[in-house]
Amino acid sequence: GFTYTFGEWSPAVKSSFRYSQAQLDTLALAKDLGNFISMDAGFTTNRFGAHVSVAVGTLVLATSSVCIFLSLGHDVPFAAMIVLFAIFGHSMSFCDNAGISTSVKNFPQSKGSAVGLMKAMEGLTAAVINTVFFSFCSDTQLNYFPLWIAATTLGTGLFAVPLIAMADSPVEEDEHRVSLKFRFLTGALLVYTAFCGIVVYLKAYILPVAVVAVLLPLGLFLLTMGGSASPRAESLLDNGQQRSDRPNLSAWEMLLRIDFYLLFYVFIAVQGAGLLLSNNFSQIVKAVSHDPQASSAGYLTVFSIFNTCGRIFVGFGSEALKAQVNRPWFLAISGTLMTVAFLSLHLGKSFLAFSAGLVGFGLGGSFALQAVVVEEVFGPKEMPIKYSCCFCAACIGSLILSDLLAGLLYDMAAKEQGQSICLGASCFGVTFTVTACGNLLAVLCIVAA
């Protein structure tokens, strides 16, 4: 989830190296490419286990974050920074792959809920990290943000890796008991999300609030207290992956199907739009607000909170309605929200929070559905490879919308204005329109499929 914080501390990178917006978007693209191209992460998880993947991801993320911090203010070649940001992003793919693949495996009867909650925690990262960071630092100290990421990563890894090693096994509890735990966890996570929202609204960035923000999630580990396995639970566990009423294609067979490419385009449009906003948050807020001093902290937290809610509600909603509604239809909701959000950005500063919320919800919903939709449409065979194939859609969307479109048009507009910080509709207007149209087409693809 640290990838969603880049829009907050990217100004420190831009000012330190005097990068153009296109160069900054290139670094964001390198980060996204590293994050979403994750074949080696899938291999590590399958071969050595989730705890090893998380340990590798933790060490690489902490190391690369420290390197980024040390590079600020020094004459580092741009090519070296591209490689560094790619490594920074790729480290997160190990944690994501471990969490999502084990959730699908260990909760075969509740995989939508499990994946939704895993993705929800990722989506909430930016809100939590911002709350704690700004309790100690101000907007003028954003150069310390990478160092804060490194410290948080190491602390979390030391705590989590041993627990993951002990707990990585298929659930053996009664299905009803597992369902109740998921509902309780969802409620607790929504309360925690509301807490983060209140902190942002009141700007209560103080030490006691930061301590509460860190300690509250630890109470969720009380849910690990298990019950005995019932015969029904064992039967479901044995037969959970043996359904015969759906295709079970290999990765190569999946790549030969037209419905895969329709689905792939949907993820490119929806997730690319979300990454466009998260990677350019600071610049978009300044441009739409016509204020070079405008802060994106509050809007980023709104995005993060709704990102979390999207992952929760879409994950659980698709699971609850799976007998009546095919999960891909929930992707149509995400595409519709993206279309409305980017058209609303044309209306000015008063719609920034509204659009940030819609984009966050739509992006979160798409990530909650991605692994589950691929598994249900094309079957569980070679699932790690299939998930990796579909997961790279986000980086393609980021390349097209954030790097090639937004970055170049922003720099052209800034050059015409004769300043480094672009202000007004000319900065992102065309980008907003193209992104909205692309998501409308994604909705039509779902209808056609």
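## Aromatic rings

Phe-6, Trp-9, Phe-85 and Phe-88 form one aromatic cluster. Rings of Phe, Tyr and Trp (its six-membered ring) pair if their centres lie within 6.5 Å; planes under 30 degrees apart are stacked, over 60 edge-to-face, and the rest tilted. The whole structure holds 17 aromatic pairs.

In one of them, Phe-260 and Tyr-261 have ring centres 5.0 Å apart and planes at 80°, so this pair is edge-to-face. Phe-260 also pairs edge-to-face with Phe-378, at 6.2 Å centre to centre and 65° between the planes. Phe-260 sits in helix α13 (residues 258–279) and Phe-378 in helix α17 (residues 352–378), so the pair ties together parts 118 residues apart in sequence.

## Burial of these rings

Phe-260 is buried, with a relative accessible area of 3%. Phe-378 is buried too, at 0%. Tyr-261 is partly exposed, at 41%. Buried means under 20% relative accessible area, exposed over 50%, and partly exposed in between (1.4 Å probe, protein chains only).

## Helices α3 and α5

The axes of α3 (residues 39–48) and α5 (residues 78–106) come within 9 Å and cross at roughly 45°. The two helices are therefore oblique to each other. Angles under 35 degrees count as roughly parallel, over 145 as roughly antiparallel, 65 to 115 as roughly perpendicular, and the rest as oblique.

Contact means heavy atoms within 4.5 Å. On the α3 side, the residues include Asp-40 and Thr-44; on the α5 side, they include His-90 and Phe-94. By class, this contact has 3 nonpolar, 7 polar and 1 charged residues.

## Basis

This is a predicted model: local features need pLDDT of at least 70, side-chain atom pairs count only at pLDDT 80 or more, and totals for chains, interfaces and linings use all residues. Residues are numbered from 1 along each chain as its sequence is written, and side-chain values use heavy atoms, without hydrogens or water.

Notes. Axes fitted to C-alpha atoms, helices over the stretch in contact; angles between N-to-C directions. Helix = DSSP H or I, 4+ residues; strand = E, 2+ residues; numbered from the N terminus. Nonpolar A, V, L, I, M, F, W, Y, C, P; charged D, E, K, R; others polar.
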